[in-house]
Amino acid sequence: MLSSTRRRWSGWWLAAGFVLGLSATAELSDRTQLAIEALQRLKGSEEPNPALQQAARQIALQIPDEPEFVELVREFRLSGMESNLVAFAVRHTESPAAAEAIRETLGREGLVFLGKRLELEGPETAPLLASLAAAGDPRCLPLIKPVLQDAGRPVATRILALKVAASTAAGASNLLEQLRTDSLPPELAGSATTVLKESRWPEIRSAVSATSPTVPRKPAGFPPVPELVAMKGDPVRGALVFRRPDVACIGCHQVRGEGVDFGPKLTEIGAKLGKDALISAILDPSAGISFGFEAWRFSLKDGDDVVGLVSSETGEEVLIKQQGGPQIALRKSNISGREKLPLSIMPAGLQDNLSLQEFVDLIEYLASLRPEAK
Ligand code: HEC
């Protein structure tokens, strides 16, 4: 790999990218690898000369999916590559070079360009936001505001936008201020609290714990739990609520193989939890965190930290699962400490998007999920 002086990857991208980066390098043909190294040696510290730039551009365009693509574009200051850089960041959120591609684009006044890509919701939205969060670059904050404010966007998208904001010191303190002054869209307050409690800055974490009580506000118009339990819902309509993009359950839970395998599978949850427990699992996820799904924070020796679920652990490494992202392997030799968080990764406040009837339907649906009769 070429050397880079401005590496600021957040730790887990580094870990993931280290492995992926090595294998990607192994896949580059020897000739391409030699060409890149030769170019690197020819390049002086001043403005690269046009002939070298031309050579670098040719090689870069042959390897649009390799981390070396981003390095060539950056080191040889290849112009007009913004859309290739963003395409790389969207296709390779798991690579540390994705964050670098975003920073490079931002450095080229790519704000307008990125803004256009985020304007409409589409299959690129989530991976682009994930790469923006990995970049942790305050220059992208103006892009995030419209996404946060847009009530027409799926909650999952807006939560990712919260994560982008919270990935920078300025954005995290701004979010905190908005929480304090109640100026965030109300349906995001619970998720913002969750995201900030996982912040990499200790002062933000303690400030948000002081600001928000751990027991979330009971949504306006919802009766107390015993009355909720007594209400009758429609499980068929509840199944639709569960799958609604703005409610996001299916983005973290599977039912009979459908959905994302992140949180506990809910295929038989009605046999495991009574209605009262199902209700509080949503209203107050941190009150009872299911075994094996606790959130952990790992501090890394390079100063970064990683928050996620531990999916497995061996003598040498820990595999971490994060919402919407790939599994990350942390080498134990890079870990300096770990801490179990008193907080569920499931965001509080998901019910804020639901009417009372929709909430009751959702609970009825969950209660109906039981082992199939033999
Ligand atoms: C960001 C990911 C995420 C989203 C979105 C999410 N959950 Fe969860 N959920 C989790 C995780 C992680 C756990 C395990 C930790 C805990 O118990 O709090 C969990 C736990 C649960 C449990 C308890 C499971 C058990 O075995 O005890 C229930 C019930 C549940 N979620 C229902 C829902 C419903 C309904 C929604 C949609 C309104 C939803 N979840 C949205 C991640 C999520």
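Predicted model: local features only at pLDDT ≥ 70, side-chain atom pairs only at ≥ 80, totals over all residues.

Mentor: A polar contact, as the term is used here, is a pair of N or O atoms within 3.5 Å. A polar side-chain atom of S344 lies 2.6 Å from an oxygen atom of the ligand, while an N or O atom in the side chain of S290 is 2.8 Å from a ligand oxygen. Two elements, α16 (269-272) and α17 (275-283), each give two or more residues to the shell around the ligand, and α17 gives the most, with three residues.

Taken as a whole, the ligand is surrounded by 26 residues, of which the closest are C249, C252, H253, S344 and M346. Sorted by class, this shell holds 19 nonpolar, six polar and one charged residues.

Turning to the sheet, five strands form an open, antiparallel arrangement in the order β6-β5-β4-β3-β7. Because β6 (328-331) and β7 (335-340) stand at the edges with a single partner strand each, one side of each is left without a neighbour in the sheet. From one strand to the next the twist averages 45°. Within this sheet, β3 (residues 295-300) and β4 (residues 305-313) pair in the antiparallel sense over five bridges, and S299 stands opposite D305 in β4.

Key. Residues numbered from 1 in each chain as written. Heavy atoms only, no water. Pairing = 2+ DSSP bridges. Helix = DSSP H or I, 4+ residues; strand = E, 2+ residues; numbered from the N terminus. Axes fitted to C-alpha atoms, helices over the stretch in contact; angles between N-to-C directions. Near = heavy atom within 4 Å. Polar contact = N/O pair within 3.5 Å; in protein donor to acceptor, adjacent residues only side chain to side chain. Nonpolar A, V, L, I, M, F, W, Y, C, P; charged D, E, K, R; others polar.
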